[in-house]
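Me: Could you walk me through a structure, slowly, and tell me what the words mean as we go?
Reply: Gladly; here it is.
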Amino acid sequence: LLTVAAITGIFRAVRDPQLMGAHWYFSPKVILTAVVWLVYGSLLHVRLAPVLRGARCAWLSIIGFALLLTVFAVML
């Protein structure tokens, strides 16, 4: 759902630049969403590396969830 929301938000900002301003891509909301997307994307690939299993994978999940909550807090 985060990916769908990010794609629709980017499509909407590109289609109507006055809606979000000229420099919408420097918004903390956009930057945090990209960081969360990268953390969860890396979490999907962590399973392939034996070094990053277990506690490290759990910490990455906790960091991703905390960042996700931060994104929703910034959106309010």
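Me: Is Thr33 buried or exposed, and what is its relative accessible area?
Reply: Thr33 is buried, because its relative accessible area is 14%, and buried means under 20%, exposed over 50% and partly exposed in between, with a 1.4 Å probe and protein chains only. This is a predicted model, in which local features need pLDDT of at least 70, side-chain atom pairs count only at pLDDT 80 or more, and totals for chains, interfaces and linings use all residues. Residues are numbered from 1 along each chain as its sequence is written, and side-chain values use heavy atoms, with hydrogens and water left out.

Me: Where is Thr33 found, and what does it touch?
Reply: Thr33 lies in helix α3, which covers residues 28-46; helices (H or I, at least four residues) and strands (E, at least two) are DSSP runs, numbered from the N terminus. Leaving aside residues up to four places away in sequence, Thr33 touches Leu2, Ala6 and Val71, where contact means heavy atoms within 4.5 Å.

Me: Which residues of α1 meet α3?
Reply: Leu2, Thr3 and Ala6 in α1 meet Thr33, Val36 and Trp37 in α3.

Me: And at what angle do α1 and α3 pack?
Reply: Helix α1 (residues 2-15) and α3 pack at an angle of about 145°, with their axes 11 Å apart; axes are lines fitted to C-alpha atoms, for helices over the stretch in contact, and angles run from 0 to 180 degrees between N-to-C directions.

Me: Changing topic, which residues form the largest nonpolar core?
Reply: The largest nonpolar core has six residues, namely Leu32, Val36, Val39, Leu67, Leu68 and Val71; such a core is a set of buried Ala, Val, Leu, Ile, Met, Phe, Trp, Tyr and Cys residues joined through side-chain atoms within 4.5 Å. The elements giving two or more residues to this core are α3 and α4 (55-75).

Me: What does Leu68 touch?
Reply: Not counting residues up to four places away in sequence, Leu68 touches Leu2, Val36 and Tyr40.

Me: How many helices and strands does the chain have?
Reply: The chain has four helices and zero strands.

Me: Why is the chain said to be more spread out than a compact globule?
Reply: Its radius of gyration is 15 Å, well over the 11 Å that the globule rule gives for 76 residues, so the chain is more spread out than a compact globule. That radius is taken over C-alpha atoms, and the rule is 2.2 Å times the number of residues to the power 0.38.
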